[in-house]
Structures are given as structure tokens and as C-alpha cells.
Amino acid sequence: MSEIISSLRNDHRNITKLLTLLSEQNSRLACGEFTNYQTLADIMQYFINYPDIYHHPHEEQIFEILKIREKATTELINRVSSEHQQIAKNGTAILDEIKQIQGSAIFPRENFVRQLNNYIASYQAHMDIEEGYLFQVAEKLLGLEDWRHIDAAIKTVDDPIFGRILDQEYQSLFKAILAETVPEKTDY
Ligand SMILES: [Fe+2]
């Protein structure tokens with residue numbers, strides 16, 4: 001597997017983890033239970049700071065070449081690219097609303113829950129198309145020179161949560177991720 005694709009798949013696994021956490025918090029909110037808005041805000045901030053700025057443009061580089069190699073992918077790639085823009089736009093709007101809620105603004109809960117559910121479902125469906133089809137076609141049709149070109153064209157940074165060094169900004173979110181994924185210690 002190309003190293004670039006493998007790294008993008010890894011990003012998807014991390015995004016899925018956070019979408020699951022987001023979905024759990026959103027279910028609590030839907031039932032009127034306690035919701036940790038700071039966790040919601042941290043997740044949305046991460047989506048804006050990392051996948052929107054680095055992961056999606058990285059994929060765009062692959063898709064631009066793929067469109068030339070396989071014309072039949074053009075329509076789907078155009079759709080996926082416009083979804084990248086939509087994800088970024090919706091993510092920013094959601095984070096803005098969370099900040100307003102934290103600042104005691106009144107928001108109709110049902111609307112916010114629906115908005116977040118749509119964001120989660122469409123993000124997951126989007127990644128499923130990339131992984132289930134586009135990445136696979138890219139691996140078949142792109143050659144060594146293409147991957148070198150993509151590698152040279154993109155700026156890579158360490159993931160601020162799942163990379164080598166945890167960014168201070170995400171320390172409490174990281175704890176929340178661990179709490180969801182590590183089983184509680186038992187005495188037997
Ligand atoms: Fe992706």
C-alpha cells in the first residue's frame with residue numbers, strides 16, 4: 001500500500017474515533033443529559049485545524065491526478081471535493097454555535113442535535129466513498145512518479161492529537177478519548 005494512502009487511512013480511523021465521541025455526546029444532548037461542550041468544541045477545533053487544512057488538501061492532490069488517469073472518476077471526485085468544502089464550512093459553523101452556547105446563548109436544542117447528526121453522518125459517508133472506492137482506484141492507477149509528485153506538493157505536519165507529540169490544546173480531549181477506548185480497570 002502506498003505510504004500516503006496508508007497515512008490517510010490512519011487519519012480516517014482517528015476521525016472516526018472522534019466522530020463516535022461526538023455522536024455519544026450528541027445522544028446525551030438529545031436526551032437532555034449532561035453534555036461536555038468543551039469536548040465538543042475541542043473535537044470541532046481539531047477537525048478545523050487538522051483534517052480541513054492538511055488531510056483534505058492532501059487527498060485533493062491524489063484526486064486531481066486520478067481524474068486525469070481515469071476520466072470516469074471525474075463526477076465522483078468533483079462531488080467529494082465539494083464535500084471537503086462543505087465539511088469545513090459546516091464544521092466552522094458548528095464550532096461557532098458551541099462557543100455561543102458556552103457563552104450562554106440560547107439555541108434550539110433539536111436544531112443543534114440535527115445539525116451535528118448530519119455533520120457526523122455525512123462525514124462518515126464521505127470517508128466510506130474515499131476508502132471504499134477512490135483510494136483503491138488510486139492505488140491501482142497511480143505510479144511511483146505520481147506518489148513522488150504528491151509527496152513533494154503537500155505540506156505535512158504532525159497530527160496534534162494522534163501524532164508523536166500531543167498538543168497542549170488537546171490534552172483534555174485526549175483524556176476523553178482514552179476514557180472511551182480504554183476499558184476500566186477491574187479488581188479480579
Ligand atoms: Fe479523507
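Leaving aside its neighbours within four places in sequence, with which residues is I165 in contact? In this predicted model, the partners of I165 are D158, D159 and P160, where contact means heavy atoms within 4.5 Å. I165 sits in the loop that links α6 (144-153) to α7 (171-181). Its relative accessible area of 65% makes I165 exposed; the terms run from buried (under 20% relative accessible area) through partly exposed (in between) to exposed (over 50%), with a 1.4 Å probe and protein chains only.

Residues are numbered from 1 along each chain as its sequence is written, and side-chain values use heavy atoms, with hydrogens and water left out. Because the model is predicted, local features need pLDDT of at least 70 and side-chain atom pairs count only at pLDDT 80 or more, while totals for chains, interfaces and linings use all residues.

Now to the overall layout. The chain has 7 helices and 0 strands, which are DSSP runs numbered from the N terminus (helices: H or I, at least four residues; strands: E, at least two). The C-alpha trace spans about 50 × 45 × 30 Å along its principal axes. Of the 188 residues, 40% count as buried. Among contacts with a separation of 6 or more, 77% join residues 24 or more positions apart.

How are two packed helices described? The description uses the angle between their axes and the distance between the axes. Here axes are lines fitted to C-alpha atoms, for helices over the stretch in contact, and angles between N-to-C directions run from 0 to 180 degrees. Helix α1 (residues 3-30) and helix α3 (residues 51-69) have axes that come within 11 Å and cross at roughly 140°. The two are therefore oblique to each other, given that angles under 35 degrees count as roughly parallel, over 145 as roughly antiparallel, 65 to 115 as roughly perpendicular and the rest as oblique. The crossing of α1 with α3 is left-handed, meaning that the near helix is turned anticlockwise from the far one by less than a right angle. I4, I5, L8, D11, H12 and I15 of α1 meet P51, H55, H58, E59 and I62 of α3.

On the α3 side, the contact includes I62, F63 and L66, and on the α5 side L134, F135 and A138 are among the residues involved. By class, this contact has 10 nonpolar, 2 polar and 3 charged residues (nonpolar: Ala, Val, Leu, Ile, Met, Phe, Trp, Tyr, Cys and Pro; charged: Asp, Glu, Lys and Arg; polar: the others, Gly among them).

Is A138 buried or exposed? With a relative accessible area of 0%, A138 is buried. Leaving aside neighbours within four places in sequence, A138 touches I62, L66 and W147.
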